[in-house]
Amino acid sequence: MRVPVLVLALLALPLAAGVAQNRGGNSGSKSKVRSSDVASDCKDQQAAALARAEADGHSPYGLDKKCDDPVPPPPPPPPSDQPPTGPHEARGVVFEDIDGNGAQDMFAGEMGLAGWSVQLYWNGQLVGTATTDADGMYLFPNLGNSDKLWSVCVVPQAGYVRTGPAGSACNGDGTAYTLKNTVPTQLRTNFGEMLQ
(Lines give C-alpha, C1' and ligand atoms only; values in the text may rest on other atoms or scores of the structure.)
Protein backbone atom coordinates (compact mmCIF):
# COMPACT_ATOMS: atom_id res chain seq x y z
CA MET A 1 0.00 0.00 0.00
CA ARG A 2 2.88 2.35 0.72
CA VAL A 3 4.55 1.84 -2.66
CA PRO A 4 1.65 3.09 -4.80
CA VAL A 5 1.25 6.21 -2.60
CA LEU A 6 4.97 6.97 -2.98
CA VAL A 7 4.78 6.47 -6.75
CA LEU A 8 1.77 8.78 -6.96
CA ALA A 9 3.61 11.43 -4.92
CA LEU A 10 6.65 11.23 -7.20
CA LEU A 11 4.49 11.47 -10.29
CA ALA A 12 2.70 14.54 -8.89
CA LEU A 13 5.93 16.54 -8.32
CA PRO A 14 6.52 17.54 -11.98
CA LEU A 15 2.88 18.51 -12.31
CA ALA A 16 3.10 20.78 -9.21
CA ALA A 17 6.33 22.32 -10.49
CA GLY A 18 4.66 23.16 -13.83
CA VAL A 19 1.80 24.92 -12.04
CA ALA A 20 4.31 26.93 -9.96
CA GLN A 21 6.20 27.92 -13.13
CA ASN A 22 3.00 29.14 -14.76
CA ARG A 23 2.16 31.25 -11.71
CA GLY A 24 5.55 32.70 -10.82
CA GLY A 25 7.56 32.20 -13.98
CA ASN A 26 11.17 31.05 -14.13
CA SER A 27 13.46 32.75 -11.68
CA GLY A 28 15.92 33.53 -14.52
CA SER A 29 13.39 35.09 -16.93
CA LYS A 30 11.54 38.39 -16.67
CA SER A 31 7.79 38.37 -16.62
CA LYS A 32 6.03 40.46 -19.25
CA VAL A 33 3.58 43.17 -18.22
CA ARG A 34 0.41 43.22 -20.24
CA SER A 35 -0.83 46.59 -21.51
CA SER A 36 -4.26 45.84 -20.08
CA ASP A 37 -2.64 45.55 -16.62
CA VAL A 38 -0.96 48.96 -17.09
CA ALA A 39 -4.24 50.55 -18.18
CA SER A 40 -5.98 48.97 -15.20
CA ASP A 41 -3.33 50.32 -12.81
CA CYS A 42 -3.66 53.75 -14.44
CA LYS A 43 -7.43 53.72 -14.00
CA ASP A 44 -7.08 52.64 -10.36
CA GLN A 45 -4.59 55.42 -9.68
CA GLN A 46 -6.77 57.91 -11.52
CA ALA A 47 -9.85 56.95 -9.51
CA ALA A 48 -7.86 57.26 -6.27
CA ALA A 49 -6.50 60.69 -7.28
CA LEU A 50 -9.98 61.92 -8.21
CA ALA A 51 -11.36 60.68 -4.89
CA ARG A 52 -8.55 62.38 -2.95
CA ALA A 53 -9.10 65.66 -4.83
CA GLU A 54 -12.83 65.52 -4.18
CA ALA A 55 -12.31 64.72 -0.48
CA ASP A 56 -9.82 67.60 -0.10
CA GLY A 57 -12.11 70.00 -1.94
CA HIS A 58 -9.64 70.52 -4.79
CA SER A 59 -10.47 70.81 -8.47
CA PRO A 60 -10.06 67.51 -10.33
CA TYR A 61 -8.81 69.42 -13.41
CA GLY A 62 -6.04 67.50 -15.14
CA LEU A 63 -6.76 64.26 -13.29
CA ASP A 64 -9.20 62.98 -15.90
CA LYS A 65 -6.67 62.09 -18.58
CA LYS A 66 -7.30 58.98 -20.62
CA CYS A 67 -5.20 56.06 -19.48
CA ASP A 68 -4.93 54.57 -22.95
CA ASP A 69 -3.48 57.76 -24.50
CA PRO A 70 0.29 58.21 -24.54
CA VAL A 71 1.59 61.22 -22.65
CA PRO A 72 2.48 63.92 -25.20
CA PRO A 73 5.94 65.46 -24.99
CA PRO A 74 6.12 68.99 -23.59
CA PRO A 75 5.96 71.75 -26.20
CA PRO A 76 9.29 73.27 -27.25
CA PRO A 77 10.12 76.61 -25.63
CA PRO A 78 9.14 79.63 -27.70
CA PRO A 79 11.94 81.21 -29.71
CA SER A 80 13.72 83.90 -27.75
CA ASP A 81 13.32 87.33 -29.27
CA GLN A 82 14.55 89.11 -26.15
CA PRO A 83 18.17 90.25 -26.01
CA PRO A 84 20.37 88.52 -23.44
CA THR A 85 21.40 90.48 -20.37
CA GLY A 86 24.81 90.41 -18.76
CA PRO A 87 27.76 92.43 -17.45
CA HIS A 88 28.66 94.30 -20.65
CA GLU A 89 27.79 97.82 -21.77
CA ALA A 90 27.86 100.04 -24.83
CA ARG A 91 28.93 103.63 -24.24
CA GLY A 92 30.50 106.57 -26.00
CA VAL A 93 30.13 110.18 -26.98
CA VAL A 94 28.65 112.11 -29.89
CA PHE A 95 30.95 115.09 -30.44
CA GLU A 96 31.30 118.05 -32.78
CA ASP A 97 34.19 117.27 -35.13
CA ILE A 98 35.38 120.74 -36.10
CA ASP A 99 38.33 119.66 -38.26
CA GLY A 100 36.51 116.61 -39.72
CA ASN A 101 39.26 114.08 -38.92
CA GLY A 102 36.95 111.66 -37.01
CA ALA A 103 38.84 111.98 -33.70
CA GLN A 104 37.75 114.11 -30.76
CA ASP A 105 40.18 116.85 -29.70
CA MET A 106 38.67 118.58 -26.67
CA PHE A 107 41.57 121.08 -26.57
CA ALA A 108 40.52 122.25 -30.04
CA GLY A 109 36.96 122.84 -28.82
CA GLU A 110 35.48 119.52 -30.07
CA MET A 111 32.93 119.09 -27.29
CA GLY A 112 30.09 116.63 -26.87
CA LEU A 113 26.72 117.29 -28.51
CA ALA A 114 23.72 117.08 -26.17
CA GLY A 115 20.30 115.77 -27.20
CA TRP A 116 21.37 113.34 -29.93
CA SER A 117 19.59 109.97 -30.20
CA VAL A 118 21.68 106.80 -30.18
CA GLN A 119 20.00 103.47 -30.84
CA LEU A 120 20.88 99.95 -29.75
CA TYR A 121 19.97 97.00 -31.98
CA TRP A 122 20.19 93.28 -31.26
CA ASN A 123 19.67 90.72 -34.01
CA GLY A 124 18.41 93.50 -36.30
CA GLN A 125 15.68 94.72 -33.94
CA LEU A 126 15.68 97.97 -32.01
CA VAL A 127 16.00 97.21 -28.28
CA GLY A 128 16.98 100.57 -26.79
CA THR A 129 17.31 104.31 -27.39
CA ALA A 130 19.43 106.76 -25.40
CA THR A 131 19.73 110.54 -25.60
CA THR A 132 23.16 112.08 -25.14
CA ASP A 133 23.66 114.12 -21.98
CA ALA A 134 25.19 117.60 -21.65
CA ASP A 135 28.65 116.12 -22.39
CA GLY A 136 27.39 114.22 -25.44
CA MET A 137 27.64 110.87 -23.63
CA TYR A 138 25.30 107.86 -23.90
CA LEU A 139 25.17 104.48 -22.13
CA PHE A 140 23.46 101.11 -22.68
CA PRO A 141 24.10 98.84 -19.64
CA ASN A 142 23.45 95.14 -18.94
CA LEU A 143 24.25 93.63 -22.35
CA GLY A 144 24.75 89.87 -22.55
CA ASN A 145 26.76 87.45 -24.67
CA SER A 146 25.12 86.40 -27.91
CA ASP A 147 25.83 84.75 -31.24
CA LYS A 148 23.75 87.53 -32.76
CA LEU A 149 25.06 91.04 -33.46
CA TRP A 150 24.71 94.08 -31.24
CA SER A 151 24.70 97.38 -33.17
CA VAL A 152 25.13 100.93 -31.85
CA CYS A 153 23.85 103.60 -34.25
CA VAL A 154 23.55 107.37 -34.14
CA VAL A 155 20.44 109.02 -35.58
CA PRO A 156 21.58 111.64 -38.14
CA GLN A 157 20.55 115.28 -37.69
CA ALA A 158 20.09 117.87 -40.38
CA GLY A 159 23.06 120.19 -40.87
CA TYR A 160 25.67 117.61 -39.78
CA VAL A 161 27.70 114.98 -41.60
CA ARG A 162 29.20 112.05 -39.72
CA THR A 163 33.00 111.87 -39.82
CA GLY A 164 33.55 108.65 -37.90
CA PRO A 165 33.65 105.83 -37.30
CA ALA A 166 33.33 104.01 -40.61
CA GLY A 167 29.89 102.46 -40.29
CA SER A 168 29.28 98.71 -40.46
CA ALA A 169 25.60 98.84 -39.39
CA CYS A 170 22.47 100.98 -39.79
CA ASN A 171 23.26 102.00 -43.38
CA GLY A 172 26.67 103.28 -42.31
CA ASP A 173 25.46 105.20 -39.23
CA GLY A 174 26.61 102.62 -36.69
CA THR A 175 28.96 99.84 -35.69
CA ALA A 176 28.18 96.15 -35.15
CA TYR A 177 29.69 94.02 -32.39
CA THR A 178 29.63 90.45 -31.09
CA LEU A 179 29.80 89.73 -27.38
CA LYS A 180 31.28 86.41 -26.26
CA ASN A 181 33.30 87.28 -23.21
CA THR A 182 33.17 86.27 -19.56
CA VAL A 183 34.93 89.51 -18.56
CA PRO A 184 32.74 92.66 -18.48
CA THR A 185 33.32 94.51 -21.75
CA GLN A 186 32.73 98.08 -22.91
CA LEU A 187 31.65 98.51 -26.50
CA ARG A 188 32.94 102.05 -27.00
CA THR A 189 31.73 103.96 -30.03
CA ASN A 190 32.35 107.70 -30.42
CA PHE A 191 30.51 109.45 -33.20
CA GLY A 192 32.05 112.51 -34.85
CA GLU A 193 29.60 114.98 -36.37
CA MET A 194 30.78 117.91 -38.49
CA LEU A 195 28.60 120.98 -38.89
CA GLN A 196 27.99 121.85 -42.55
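In which strand is Gln-119 found? Select residues 117-122: this is strand 2, and Gln-119 lies in it. Strands here are DSSP runs of E with at least two residues, helices are runs of H or I with at least four, and both are numbered from the N terminus.

Before going on, some notes on the model. It is predicted, so local features need pLDDT of at least 70 and side-chain atom pairs count only at pLDDT 80 or more, while totals for chains, interfaces and linings use all residues. Residues are numbered from 1 along each chain as its sequence is written, and side-chain values use heavy atoms, with hydrogens and water left out.

**Whole chain**

Show the protein chain as a cartoon. There are 2 helices and 9 strands, and from the N terminus the order is α-α-β-β-β-β-β-β-β-β-β. Of the 196 residues, 24% count as buried. Buried means under 20% relative accessible area, exposed means over 50%, and partly exposed lies in between (1.4 Å probe, protein chains only).

**Gln-119**

Return to Gln-119 and show its side chain. A polar contact of 3.0 Å joins this side chain to that of Tyr-121. A polar contact is a pair of N or O atoms within 3.5 Å; within protein, one must be able to donate a hydrogen and the other to accept it, and residues adjacent in sequence count only if both atoms are side-chain atoms. Leaving aside neighbours within four places in sequence, Gln-119 is in contact (heavy atoms within 4.5 Å) with several residues, including Leu-126, Phe-140 and Ser-151.

Strands pair through backbone hydrogen bonds, either parallel or antiparallel. Two strands count as paired if DSSP finds at least two bridges between them. Walk across the sheet from strand 3:

- Strand 2 and strand 3 pair over 6 bridges in the antiparallel sense; Leu-120 has Gly-128 as its bridge partner in strand 3.
- These two strands form a hairpin with 2 residues between them, and Asn-123 in the turn has a positive phi of about 55°.
- Strand 2 and strand 5 pair in the antiparallel sense over 5 bridges.
- Strand 5 (residues 146-154) and strand 7 also pair in the antiparallel sense over 5 bridges, with Ser-151 opposite Ala-176 in strand 7.

**Aromatic rings**

Now show Phe, Tyr and Trp. The whole structure holds 4 aromatic pairs. Rings (for Trp, the six-membered one) pair if their centres lie within 6.5 Å; planes under 30 degrees apart count as stacked, over 60 as edge-to-face and the rest as tilted.

Select Trp-116 and Tyr-160: they form an edge-to-face pair, 5.2 Å centre to centre with 80° between the planes. Trp-116 sits in the loop between strand 1 (88-96) and strand 2, and Tyr-160 in strand 6 (residues 160-164), 44 residues apart.

Finally, select Trp-122 and Trp-150, a tilted pair at 6.4 Å centre to centre and 50° between the planes. Trp-150 is also the bridge partner of Trp-122 in strand 5.
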